[in-house]
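I set out to record what I looked up in this model, entry by entry.

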Amino acid sequence: MTRAAAIIPAAGIGKRMGSAQPKQFLTLQGLPIILHTVGRFVEADCIDQIVVVLPEEWLEQTRLLLSNHFGAAGQRISVTRGGILRQDSVFAGLQQVEDDIDIVLVHDGARPLVTPDLISAVYSSIRKYGAAIAAVPVKDTLKRQRADGIIDHTVDRDGLWQAQTPQGARKELLEQAFSECGAREFTDEAALLEQAGFDVHLAEGQEQNFKITRPEDLGLAKKIMQQDHSLRIGHGYDAHRFVTGRPLVLGGVTIDHDQGLGGHSDADVLTHALCDAILGALGKGDLGHHFPDSDQRFKDIYSINLLREVVQLAADSGLGLVNGDITLICQAPKLAPHIADMKVKLAETCRVNPPQLNIKATTTEKMGFTGRREGIGCHAVVLLGPVLQPAHH
């Protein structure tokens, strides 16, 4: 299996931003820029390890920031001290890459609008060609200036591309390029690889994948993210049959009843439907895909723990629950006395206030499997929207 790592150099101070702190720690939609950038690589299925390269004085607080925000997903993220030049930082990150990594991508810490699709495209190009770079065709007319400030001539833009990141190569090629040419100064990894004699393939980038360099760039990024994080709707449905000898757990609350629900986990049909609704809104499959019943780690697991991980997936995409509407279908037992407790438990797990969740219980007038008291069914509909504040655990 091909394994890939992403090195995110973010050790610069960003003088052109005119800020008292490095630009990668300025806030964008309520979160530091570096969290947005790292989050895009956390979302990318092809990335197995992430190394963030930082100024030494920012290491500890960034390590804590990443841990608090990404939770369990943060286990594949590490931080290390950078150098004076970009290539020094990339080389420092390369030393932290695990031995069994095959492909290394490098991405600017101040490019938070990169998409998982672009990351995947560059990764695929590296797998196919050995080395690749994201870039966009030059659209504007280019002029070359004389020393006195007068135009010398117009540059033919045919075949010209504007470099972006991510860019990278198979790990052994990048290591060889640093070994042969690393003492010289290069503006990016593609130039380093070119100098070492390796062909670098162009993968078409995205116009929105620009680097935040000046204050006006930050304003543009905010506008794009507001558009990008449009509202998402998701629907989930689940059903489990009654069995004897198990507790009945719904919405994380144990309910006194002579039967429970059968399943690989605790069979909390309400929480499962809510998880599926959130995953549906994210376009990330269903609960069985993320937590298969063939995996013994999830045997009899408290489903609130699964919901917590699903909510974190949404947070990694910059999204959180706006509201949810849940309908339990159950002939018995009576659930109305337990709904308030369910709302409190679910709201806490979803990082929202209880009024943002509505839970209803209904019967089918003794029709169908629920009417015959064979089991319980549940529908959930959710609306996800932008998360404007850091996620705390």
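**Entry 1: helix 3.** I first listed the buried residues of helix 3, which are Gln87, Ser89, Val90, Ala92, Gly93 and Leu94. I took buried as under 20% relative accessible area, exposed as over 50% and partly exposed as in between, with a 1.4 Å probe and protein chains only. Helices (H or I, at least four residues) and strands (E, at least two) are DSSP runs numbered from the N terminus. I then looked up what covers these buried residues: the cover includes strand 1 (4-9), strand 4 (49-54), strand 5 (77-81), strand 6 (103-106), helix 5 and helix 6 (189-195). Contact here means heavy atoms within 4.5 Å.

**Entry 2: basis of the notes.** The model is predicted, so I note that local features need pLDDT of at least 70 and side-chain atom pairs count only at pLDDT 80 or more, while totals for chains, interfaces and linings use all residues. Residues are numbered from 1 along each chain as its sequence is written, and side-chain values use heavy atoms, with hydrogens and water left out.

**Entry 3: overall.** I counted 12 helices and 18 strands in the protein. The C-alpha atoms fill a box of roughly 85 × 40 × 40 Å along the principal axes. Of the 393 residues, 51% are buried. Among contacts between residues at least 6 apart in sequence, 74% join residues at least 24 apart.

**Entry 4: aromatic pairs.** How many aromatic pairs does the structure hold? I found three. Rings of Phe, Tyr and Trp (its six-membered ring) pair if their centres lie within 6.5 Å; planes under 30 degrees apart are stacked, over 60 edge-to-face and the rest tilted. Phe91 and Phe178 form a tilted pair, at 5.3 Å centre to centre and 55° between the planes. Phe91 lies in helix 3 (residues 86-95) and Phe178 in helix 5 (residues 171-181), so this pair ties together parts 87 residues apart in sequence. Phe91 counts as partly exposed because its relative accessibility is 38%; Phe178, at 9%, counts as buried. I also noted Phe291 and Phe298, whose ring centres are 5.2 Å apart with planes at 85°, so that pair is edge-to-face. Both Phe291 and Phe298 are buried.

**Entry 5: helix 8 against helix 11.** Helix 8 (residues 269-282) and helix 11 (residues 339-350) pack at about 35°, with axes 12 Å apart. Axes are lines fitted to C-alpha atoms, for helices over the stretch in contact, and angles run from 0 to 180 degrees between N-to-C directions. Leu270, Thr271 and Leu274 of helix 8 meet Met342, Leu346 and Cys350 of helix 11.

Entry 6: I located Gly251 in the loop between strand 13 (248-250) and strand 14 (253-255). Gly251 counts as buried because its relative accessibility is 0%. Beyond its neighbours within four places in sequence, Gly251 contacts Asp268, Leu270, Thr271, Ile304, Met342, Lys345 and Leu346. Thr349 lies in helix 11 and is buried, with a relative accessible area of 5%. Not counting residues up to four places away in sequence, Thr349 touches Ile304, Leu307, Arg308 and Val311.

**Entry 7: nonpolar cores.** A nonpolar core is a set of buried Ala, Val, Leu, Ile, Met, Phe, Trp, Tyr and Cys residues joined through side-chain atoms within 4.5 Å. Which residues have the most contacts inside the largest core? They are Leu250, Ile278 and Leu328, in a core of 46 residues. Elements giving two or more residues to this core include helix 10 (303-316), strand 16 (319-329) and strand 17 (357-362). Helix 8 supplies the largest share, 10 residues. A second, separate core has 34 residues, including Ile34, Ile50, Leu66 and Val79.

**Entry 8: backbone.** Most residues other than glycine have a negative phi, and most peptide bonds are trans. The peptide bond from Thr165 to Pro166 is cis, with omega near 10°, and Pro166 is in strand 10 (residues 161-170). Another cis bond joins Ala332 and Pro333, with omega about 0°; Pro333 is in the loop between strand 16 and helix 11. Asp300, not a glycine, has a positive phi of about 60°. Arg351 has a positive phi of about 65°, and is likewise not a glycine. I placed Arg351 in the loop between helix 11 and strand 17.
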